[in-house]
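Biologist: I am new to this structure. Please show me how to read it, one feature after another.

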Amino acid sequence: MKITDKLKDWRNRLRDRHMFTIVITSFLIILALTAYIFKIRNDNKQALENRYNQAFFEMASYIENIDTLLQKSLISKDPIHGAKTMSEIWRQSNLAKTNLSQLPIEQNLIAQTSKFLSQTSDFSYSLTQQNIEQQPITDEQMSQIQSLTDYADKLQNSIVELSSDLNQGRLK
């Protein structure tokens, strides 16, 4: 018996028992479920990527704000204004660190950024308390603010480059 004869015989037996309809229906159901699962998987992947992008760009915005606020704090000598600026730096640092922790990046790669944000947060909180108590900022503290500002500038430039790579599709 030839293969074509065997296939015809199999098809005829399926037709006789209405199995052909069941096999085709089962195949279509499996195909539809596969397409549905694939769509859900792609939707979830896109949603996750969007969340990562949102966390990255929010973090970038907070770091830009920190840089600006640190520069303002170098200029300001008024304790009340200094307290407001430092408390805002503290808040922005914590928000940036929260967004940084949501990114799918190994901890050893973001350790320096995380350390910078923690130090900035802690330092600005202590200066806020000092400003509230009407104590002037010392020259050493101004030097530390300058160091933080310099690092924030470098960090912001790196983030701008990463942002450019993300927007142009060179990085995911």
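Modeller: Start with burial. Buried means under 20% relative accessible area, exposed means over 50%, and partly exposed lies in between, with a 1.4 Å probe and protein chains only. Take N99: its relative accessibility is 5%, so N99 counts as buried.

Biologist: What should I know about the model itself?

Modeller: This is a predicted model, where local features need pLDDT of at least 70, side-chain atom pairs count only at pLDDT 80 or more, and totals for chains, interfaces and linings use all residues. Residues are numbered from 1 along each chain as its sequence is written, and side-chain values use heavy atoms, with hydrogens and water left out.

Biologist: How many helices and strands does the protein have?

Modeller: Helices (H or I, at least four residues) and strands (E, at least two) are DSSP runs, numbered from the N terminus. Here there are five helices and zero strands. The radius of gyration is 30 Å, well over the 16 Å that the globule rule gives for 172 residues, so the protein is more spread out than a compact globule. That radius is taken over C-alpha atoms, and the rule is 2.2 Å times the number of residues to the power 0.38. The C-alpha atoms fill a box of roughly 100 × 30 × 25 Å along the principal axes. Of the 172 residues, 27% count as buried.

Biologist: Back to N99. Which residues is N99 in contact with, beyond its neighbours in sequence?

Modeller: Contact means heavy atoms within 4.5 Å. N99 sits in helix α3 (residues 79-101). Leaving aside neighbours within four places in sequence, N99 touches R51, A55, E58, M59 and Y62.

Biologist: Is T120 buried or exposed?

Modeller: T120 is buried, because its relative accessible area is 1%. Its helix is α4 (residues 107-132). Beyond four places in sequence, T120 is in contact with I66, I89, S93 and L148. Its C-alpha atom is 9.2 Å from that of N94, 26 residues apart along the chain. A polar atom of the T120 side chain also lies 2.7 Å from the backbone oxygen of F116.

Biologist: How many salt bridges does the structure hold?

Modeller: A salt bridge is a side-chain nitrogen of Lys or Arg within 4 Å of a carboxyl oxygen of Asp or Glu. The structure holds two. One joins K39 and D43, with the closest N and O atoms 2.7 Å apart. These two are four residues apart in helix α2, so about one helical turn separates K39 and D43. K39 is partly exposed at 49%, and D43 is partly exposed at 39%. E88 pairs with R91, the closest N and O atoms being 2.8 Å apart. Both lie in helix α3, three residues apart, about one turn of the helix.

Biologist: Which residues make the nonpolar surface patch?

Modeller: Patches use residues with over 30% relative accessible area and no salt bridge; like charges are joined within 9 Å, nonpolar side chains (Val, Leu, Ile, Met, Phe, Trp, Tyr) within 5 Å. I29, L33, Y36, I37 and I40 make a nonpolar patch of about 500 Å². Y36 belongs to helix α2 (residues 19-75). At a relative accessible area of 52%, Y36 is exposed.

Biologist: Where is Q134?

Modeller: Q134 is in the loop between α4 and α5 (139-167). Its phi is near 65°, a positive value in a residue other than glycine. Q134 is exposed, with a relative accessible area of 51%.

Methods: Areas by Shrake-Rupley, 256 points an atom, 1.4 Å probe, with all protein chains shown as cover. Polar contact = N/O pair within 3.5 Å; in protein donor to acceptor, adjacent residues only side chain to side chain.
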